[in-house]
Amino acid sequence: MAQQDIPNGFTGFSVKRTAGFQSAKEAMDKREKEARETGGKGAGGMARTSLPVPAFGLIGAEGLQHAEARATSQQQAHALRFAAAGKRQGDARAFDPAKLAEIPTEQRRWSWVEIDLAAIRHNVKEVKRRLPAGTRLMAVVKADGYGHGAVPCAKAALNSGADYLGVATVDEAIELRENYVNAPILVLSQPPETAIPLLLAYKVMPSVYTPDFAISYGEAADAFGVRAPFHLAINTGMNRIGVNHDEVVDFMHAIGFHRALDYVGTFTHFATADHEETLDFQIQYTRFAEAINALRLAGIDPGIVHAANSAAAIRFPDAAFNMVRLGIGLYGLQPSPATRKMIQLKPAMSVHARITDVHFPPIHEGVSYGLHYRSPGNVAICTLPIGYGDGLRRNLSGRIDVLKDGVRFPQVGNVCMDQCMFEIDMRRTSLHRVVEPAIGDRVTIVGRSGDAVVTLDDLANILGTITHELAIGFGTSRLPRLYV
């Protein structure tokens with residue numbers, strides 16, 4: 001019995017294939033048959049290789065024009081357009097590396113991340129608009145810009161009014177410098193002493209909170225005949241890094257003698273600025289303000305004073321001091337439920353893929369590893385080339401929807417390392433519009449399609465985690481990033 005004639009069993013409907021649908025296997029079989037019937041030539045009389053699509057760089061310039069004119073599909077035309085004017089090397093024709101490199105990354109695998117730089121610019125301006133006049137803004141672009149791309153996001157933020165950049169590692173700072181980013185850069189922790197020459201060479205400021213590092217940093221700078229700028233990190237209760245809040249004056253007296261050290265700024269980090277309960281935040285704020293006041297009473301200028309992360313910058317204007325650090329808010333993700341009604345941020349990241357295969361499994365046939373999902377019959381199972389190796393976490397399996405043509409469809413079966421599947425109900429009723437899938441159709445995993453939207457917050461709530469983790473997972477994986 002042919003697949004399309006298999007009875008559903010529950011509804012009495014037949015499992016019908018979409019009009020005009022042709023699977024990859026059927027397309028290859030058809031081409032092989034055409035080749036046999038034409039004596040080794042495919043449709044249009046073109047000589048065929050053993051590949052279903054002509055190989056890049058294996059035909060000459062005249063042959064390329066002829067093949068493009070006769071390409072039977074958009075995919076073939078796309079492939080042939082990048083084929084090189086081949087040169088014979090013995091019996092084989094040469095690939096052109098330059099032509100191969102022109103093939104866009106999103107056309108090498110049908111899944112990608114889009115980053116909207118206009119959203120980055122909007123978010124910087126929205127936060128700056130709320131700050132007291134003269135308050136600086138640091139754009140935090142650590143972890144490759146929270147998965148959004150450090151260099152493009154840093155440049156977009158600086159062009160929109162950011163004054164400083166914050167990173168987590170020396171290598172992150174070096175990447176910015178090597179891409180012609182000249183703004184002040186602060187490493188938000190104290191690096192190893194062995195990295196000091198890099199700090200000086202690339203003009204990157206470290207955080208400082210141990211005397212040994214501070215003196216070594218000053219000595220190295222003195223040997224090179226340069227200054228050693230730094231920001232002092234103060235521990236006000238998060239207990240991660242920093243000089244204890246009640247020891248800052250003694251610390252500065254211990255290192256302040258060194259002539260090369262340049263005390264540029266002072267900061268702390270709030271542990272609970274995103275929480276509804278504010279007691280712990282108030283304790284940290286008070287400790288920090290007292291530490292700053294103690295430095296000033298001792299005749300020590302604390303420089304640029306900053307404490308507020310995204311949540312504090314939006315919720316607590318009094319915590320702005322001289323500068324705020326915009327991290328997750330830079331990328332349009334709300335730092336706290338309390339900020340949702342306070343500011344309109346635009347998410348910069350969306351995640352997309354194209355359908356690579358479509359199946360119509362009969363009733364009770366399973367899908368993916370473990371066969372935990374079973375077909376109810378009369379559904380199309382569509383495959384997407386994105387999985388947990390790309391940031392789509394495996395424990396989201398069967399718990400999310402994807403979007404196609406403005407309609408939500410359930411993801412089904414276990415998310416694999418490189419692929420996942422979703423289900424389209426193919427039953428036609430007066431209340432149900434059938435969406436007919438085809439290979440190459442665009443699908444949104446995170447983002448908007450028509451009036452439907454899936455957010456990183458939706459996924460984070462399912463997983464019991466934060467949007468930071470998911471954005472970094474998608475953005476620093478194998479998925480290419482497209483900037484729009």
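Predicted model: local features only at pLDDT ≥ 70, side-chain atom pairs only at ≥ 80, totals over all residues.
Colleague: Why is strand E21 (residues 442-449) called largely enclosed?

Modeller: Buried means under 20% relative accessible area, exposed over 50% and partly exposed in between, with a 1.4 Å probe and protein chains only. Six of the eight residues of E21 are buried, so the strand is largely enclosed by the rest of the structure. Strands (E, at least two residues) and helices (H or I, at least four) are DSSP runs, numbered from the N terminus.

Colleague: How do you know that E21 pairs with strand E13 (residues 349-354)?

Modeller: Two strands pair if DSSP finds at least two bridges between them. Four bridges join E13 to E21, and the two run antiparallel; Val-351 stands opposite Val-446 of E21. Three bridges join E21 to strand E22 (residues 452-454), again in an antiparallel arrangement, with Arg-448 opposite Val-453. In the hairpin of E21 and E22, two residues lie between the strands and Gly-450 takes a positive phi near 60°.

Colleague: What makes strands E8 (residues 228-235) and E10 (residues 261-267) a pair?

Modeller: E8 and E10 share six bridges in the parallel sense, and Pro-229 stands opposite Asp-262 in E10. Seven of the eight residues of E8 are buried, so E8 is largely enclosed by the rest of the structure. Six of the seven residues of E10 are buried, so E10 is likewise largely enclosed. E8 also pairs in the parallel sense with strand E7 (residues 205-208) over two bridges, where Val-208 has Leu-232 as its partner.

Colleague: What is called the largest nonpolar core, and which residues have the most contacts inside it?

Modeller: A nonpolar core is a set of buried Ala, Val, Leu, Ile, Met, Phe, Trp, Tyr and Cys residues joined through side-chain atoms within 4.5 Å. The largest such set has 126 residues, and Leu-176, Ile-386 and Phe-474 have the most contacts inside it. Its largest share, six residues, comes from helix H7 (residues 150-159). Apart from it lies another core of seven residues, including Tyr-373 and Met-421.

Colleague: Why are helix H5 (residues 117-130) and H7 called oblique?

Modeller: Axes are lines fitted to C-alpha atoms, for helices over the stretch in contact, and angles run from 0 to 180 degrees between N-to-C directions. Angles under 35 degrees count as roughly parallel, over 145 as roughly antiparallel, 65 to 115 as roughly perpendicular and the rest as oblique. The axes of H5 and H7 come within 9 Å and cross at roughly 45°; the two helices are therefore oblique to each other. Contact means heavy atoms within 4.5 Å, and the residues making it include Leu-117 and Ile-120 of H5 and Pro-152 and Cys-153 of H7.

Colleague: Why are helix H14 (residues 456-463) and helix H15 (residues 467-475) described in another way, as roughly perpendicular?

Modeller: The axes of H14 and H15 come within 9 Å and cross at roughly 115°, and the pair is therefore roughly perpendicular. Among the residues that meet are Leu-456 and Leu-463 in H14 and Leu-470 and Phe-474 in H15.

How values were computed
Residues numbered from 1 in each chain as written. Heavy atoms only, no water.
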